[in-house]
Amino acid sequence: MVNDKHSQKIVDFIQNWSRKHSIWVLAYGTGCGAIEIPPTMTSRYDAERLGVRGAATPRQADVLMITGYLTVKTLKRVIRVYEQMQDPKYVIGFGSCTINGGMYYDSYNTINVLDKYLPVDVYINGCMPRPEAVLSGFAQLQKRIAEGRADGATQYKENLEWYRANQKRIIPNWVMPEYNW
Amino acid sequence: MKELKENIIQRLKTNFADAVAGSEFSYNRVDVHVKKETIPSILFYLKEEMGYVHLSHISCVDWLEEGEFELVFIVWSPVDKVKVFVKTRLDRENPVLENIDMIWRQANTYEREFREMFGIQFTGLVAPDEFILEDWQGPPPFRRDFDTAEYAKKTFWNRPGREDAQDVRETISGRDGEEIPDFAKKYSR
Amino acid sequence: MRDKATTLYIGPQHPGITGNMMVKVQVEGDTIIKARTEVGYLHRAFEKLQERRNWLQSFTLLCRFCVPEPDPVEESYARAVEMLEGREVPERAKYIRVLMLELARMGSYLLWYGGQNGSLGLYTMGQWSVGDRNYILDLFEELTGGRIYHMYIWPGGVRRDLPEGFTDKVLRTMDYFEKRLKDYDDLMFTNTIFQKRTQGVGVISKEKAVEWGVVGPVLRGCGIKSDIRIDDPYEIYDQLDFEVPTAEGGDIWARALVRRAEIRQSIRIIRQVIEKMPSGEIYNKIPNPLKWALPKGDAYARTEATRGEIGMYIVSDGTVNPRRTHLRGAAYVHGVSLLEDLLVGENVADISAIMNSLGTCPPEIER
């Protein structure tokens, strides 16, 4: 890498600029919010003009979209998927359920606060968020990437113990590999 | 329609001694209460002899106060155009019923669910133990004595301000240079 | 030479899966010898939560049962509550309900057009039909305020009357779709890839369909004429003139033909409903919802949705909260035991197409 402080700034700028124009979203509909993703991606709203498009596997994806409520069973898979994704990676919490449990706040099987388990960069509120709101969320994420503020993945690595403790608290049978980044 | 329904009841009563007609007669439905031992034979009779070929639904109701589970089998005949509700009661302490998935194959899925959610055992059911839940350690969750709100409060965090949505308003005001719009202030408590 | 059997996990994160579920298959070469579905990734325990809500509050939960087409669930529940209480529904409300249900049916089929073709790698269709579906969602938005979740049909009628000029907009949209569906045929049904990939794949015989409790378009694709709108008519379907299309073969192709014909029947029903719609009340007012207790008893109402028969069984113990509500989803039958059986002997590449053609909707299975 470049040692000079000023050159680093320029490199960062170019890096972030190119990252923000190519956001590949992992095709994982974790909840009912997945129904507004096809309209967002297809002809009327056409998210691809912002550089947003689908990616089939975690290793090619940049963004993990948590579309709605997360059950405990899905959370286990989502953590696995998130840890398989390669840097740079971002998490978008989609819908009220990810923020504070939404209407499932008293359900025994859904988590209430997503950012206790995964680092969330952008929340999109509403139930269901409209495609315009989804696009606005992507624009917000792009803004944060450009400013270098979308550092959820770094935070996850730094505070891994805290996240792990939270995750293991609700997932009793932890049989997942420990990744060593 | 009324004659047809009484005919069905009569036919079931003559063949099954413990069949008792329910009080509900409206909306092209017939209710029959039987003992749990009769369930496989009455359902088989309805399907093979009377043309009730379609199993529409199986449901389970927890009557906690009476210490019983009620199982409801809803079958439908495309010829008679009548729904027959076959109901039976199981003891809540030791709920066991005979497996009926050789009569209707889709009953298998229902039985797996009831085994997991209510703890009802079906003798002769061949299926993996887990259906919906994974590594569940509590009591069967759909029983009425299981308090889901209490469990959720204990297990998952609630975001502070969940009750009065204060955090949402603070987030709105905390965003770069934005203020709480007037319409939102109006709803502040 | 036969290969050793390998286990593949299709899902829950897989672009071809219809929602959040998993199919675990054992394959020899690329032929499936054993399949096992695993569900439960979307279990929110609606029925448990409804015990804590009152009869009207349940509606916010109800429409989340199945996202592509929430209205039949609302309709089933509303009708079950009306049966239990003996509440009359005004004539106009019945017409509006049918209009709503048929629009929802069209929207769901348009999504299916995209999904079925996407599962075979034909992505243009999805761009067209999912894009066109927005026109129907626009109508919903104008009528109810929400694109996806409506909470519009409720006990005693519907929530609000049609806005001014709404029926004209519906008719214009129907005109558009009548023209547009011809393009879909050119792209989809005359396409050799689509024909070759679907004919003779995922075959369900007539006997098997009855034995396994198959419903809806899948049953009609086996050549059996069965539709709840005709057999057990609700609202005003017995006064309308429409056909129940069937097709022979029981494969994906036959099911696609049934759906193709049904979306045209929906347009026909919508035109009739608008023509015949009477004026008058839309809502038989319910008492204060917080104190609204239903009489003791149980009721079961069924509705024909795009995936098949949707039923709602409700039990009241005479209080303001339901004792038990239990949804019967079509995918509950199709998506678990039938799918497991149907996949044996098929190709791995066809899993997604078969799931789409059965209308597998995981949130309906685990609720």
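The following legends describe close-up views of a predicted model.

Local features in this predicted model need pLDDT of at least 70 and side-chain atom pairs count only at pLDDT 80 or more, whereas totals for chains, interfaces and linings use all residues. Residues are numbered from 1 along each chain as its sequence is written, and chains are lettered from A and ligands numbered from 1 in the order in which they are written.

**Figure 1. Overall build of chain A.** Chain A contains seven helices and five strands; helices (H or I, at least four residues) and strands (E, at least two) are DSSP runs, numbered from the N terminus. Read from the N terminus, the order of the elements is α-β-α-β-β-α-β-α-β-α-α-α. The C-alpha atoms of chain A occupy a box of roughly 50 × 40 × 25 Å along the principal axes. Among contacts in chain A between residues at least 6 apart in sequence, 80% link residues at least 24 apart; a contact requires C-beta atoms, placed from the backbone, within 7 Å.

**Figure 2. Surroundings of A:Val52.** A:Val52 belongs to strand S2 (residues 52–55) of chain A. A:Val52 counts as buried because 23 C-beta neighbours lie inside 10 Å. Leaving aside residues up to four places away in sequence, A:Val52 touches A:Ile23, A:Val25, A:Ala47 and A:Phe138. The C-alpha atoms of A:Val52 and A:Gly68, which are 16 residues apart along the chain, are separated by 19 Å.

**Figure 3. The five-stranded open sheet of chain B.** Chain B has six helices and seven strands, and buried residues make up 30% of its 189 residues. Five strands of chain B form an open sheet in the order S1-S2-S5-S4-S3, with mixed pairing. Strand S1 (20–21) and strand S3 (54–63) of chain B are at the edges, each with a single partner strand, so one side of each lacks a neighbour in the sheet. Strand S2 (residues 29–33) and strand S5 (residues 82–91) of chain B pair in the parallel sense over five bridges, where pairing requires that DSSP finds at least two bridges between two strands. B:Arg29 has B:Lys83 in S5(B) as its bridge partner.

**Figure 4. The interface between chains B and C.** Here 32 residues of chain C are in contact with 27 residues of chain B. Helix H1 (46–50), helix H8 (206–211), strand S6 (297–304), strand S7 (309–316), strand S8 (322–328) and helix H12 (330–343) of chain C each supply at least two residues of the side of chain C that touches chain B. That side of chain C comprises twelve nonpolar, eight polar and twelve charged residues. Nonpolar denotes Ala, Val, Leu, Ile, Met, Phe, Trp, Tyr, Cys and Pro, charged denotes Asp, Glu, Lys and Arg, and polar denotes the others, Gly among them.

**Figure 5. Helix H13 of chain C.** In helix H13 (residues 351–358) of chain C, eight of its eight residues are buried, among them C:Ile351, C:Met355 and C:Leu358. C:Gly359 follows H13(C) and has a positive phi, near 70 degrees.

Technical notes: Contact = placed C-beta atoms within 7 Å. Buried ≥ 20, exposed ≤ 12 C-beta atoms within 10 Å, placed from the backbone.
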